[in-house]
Amino acid sequence: MASLGHTVVGIDVDADKVALLASGRAPFYEPEFDDILRASLDSGLLTFSTDFAAAADAEVHFVAVGTPQKAGSNAADLRYVDSAIEALLPHLAPGSLVAGKSTVPVGTAARLDALVAAAQPAAQLAWNPEFLREGLAVADTLTPDRFVYGVRRGDDGDRAVAMLDEVYATALAAGTPRLVTDFATAELVKVSANAFLATKISFINAMSEIAEATGADVTALADAIGHDNRIGRRFLNAGVGFGGGCLPKDIRAFQARAGELGLGDSLAFLAEVDATNLRQRERVVRLATEAVGGNLSGRRVAILGLAFKPNSDDVRDSPALDVAGRLIEAGATVVATDPEAIENARRLNPDVEYVADVETAVTGADVVLLLTEWDHYRTLDPAAIRELPRAAVLVDGRNTVSSQAWRDAGWAYVGMGRP
Ligand code: UGA
């Protein structure tokens, strides 16, 4: 926002994060973000604070706090959204707009709008879901593929649309589509988009299970069905499945909300999507077990990649880290590496042996698992590391390298639904 010329204050309750950001460093790894952060600080348009009073002069307030899965339930935990709104209410100026970005259960925006209206009758709320992907956050923010504004009906809504149009003027001028809806539709757009993406991944992973049993090749299958542009090739990569702070908890929260609405049956398929996804983690463990001859006890397993996806240091619900934990439970020694995610992974699972590079990780390994498709791992020279492991077996949990190239270099190659 600051790089687009707006004056921005970023507010967070975490003083350490605020201090880090104010000094020009991000509390996470995200390509291109550090540069844009520093440039925005240097321009004087961006400041950070822990004090909600700093919001008092703002015309638009984006609320972008997390909505994680509630402990012991599938539902979303809304306490951070609720407390952010509550802390903001006393500082709302007449005419200001609260724009919700967080992923919330349908019905939340209407409830929060009533709170805003009660605290400041001349302010209002809009729901403006966020579709950015980690690893591509800067590009997705500056050039998104669409905007969705959920607003009140009538003049108030028109005013909210005009304010958001001003905020997003640069992208709108470049032709980014913008859809204006009611609150409920905007909330549902977000969760249904993530539910569809999760379904697409579990669909191809189910095909991959069938391919594995029949000797078919799921990658060729995905290429072939992907040429049908009603289906599309993107998000049809079979492997260890989806993780992260969004897809898994969003499909669960969506089911929980449907249950509250008495519509559990409508989203019952998402339980199957979730189960299919989690089964891929067990499947990788089974492939690793088979690769070492049936018993993981005392075996050394190398894992390449810990982040839930490449170009991120995020290990929330990371399939790779989950697999690591399962392997350790089965008695294996797990040696893992990742270009960015080691520190975060260590906090969640200190029992994994973390090493800085691929060579160290694979040395002496009985099997090597590739679980996050960082470019560095996709482009490894299999011949150069052929002599390092005890047994040169690669389980490609992302179907991401050339099986032929690895076999030609003397490796046994095990894909997921690839012969
Ligand atoms: C996802 C959505 O893609 C964003 O549009 C959304 O804004 C975001 O959630 C959110 O709700 O905030 P993200 O979690 O960053 O974004 O990651 P994705 O690119 O969607 O990948 C999710 C997981 O699916 C990763 O673990 C990835 O490895 C896996 N995946 C993706 C596959 O297993 N196969 C594929 O073909 C694609």
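Helices are DSSP runs of H or I with at least four residues, numbered from the N terminus. The model is predicted: local features need pLDDT of at least 70, side-chain atom pairs count only at pLDDT 80 or more, and totals for chains, interfaces and linings use all residues. Residues are numbered from 1 along each chain as its sequence is written, and side-chain values use heavy atoms, without hydrogens and water.

**Exercise 1.** Describe the shell around the ligand.

*Solution.* Start with the count. Next, the helices. H8 (183-214) and H10 (247-260) each supply at least two shell residues. H8 gives the most, with 4. Finally, the domains, whose bounds come from an automatic or database assignment. Domain 1 (2-189) and domain 2 (223-414) both give residues to the shell, so the ligand lies between them.

**Exercise 2.** Find which atoms lie 2.7 Å and 2.8 Å from ligand oxygen atoms.

*Solution.* Now the side chains. An N or O atom in that of Asn 194 is 2.8 Å from a ligand oxygen. Then check the cover. Alone, the ligand exposes 710 Å² (Shrake-Rupley method, 1.4 Å probe). The protein buries 90% of that.

**Exercise 3.** Work out which helix gives the most residues to the lining of the largest cavity.

*Solution.* List the elements that give two or more lining residues: H8 and H10. Compare them. H10 gives the most, with 5 residues.

Key. Near = heavy atom within 4 Å. Polar contact = N/O pair within 3.5 Å; in protein donor to acceptor, adjacent residues only side chain to side chain.
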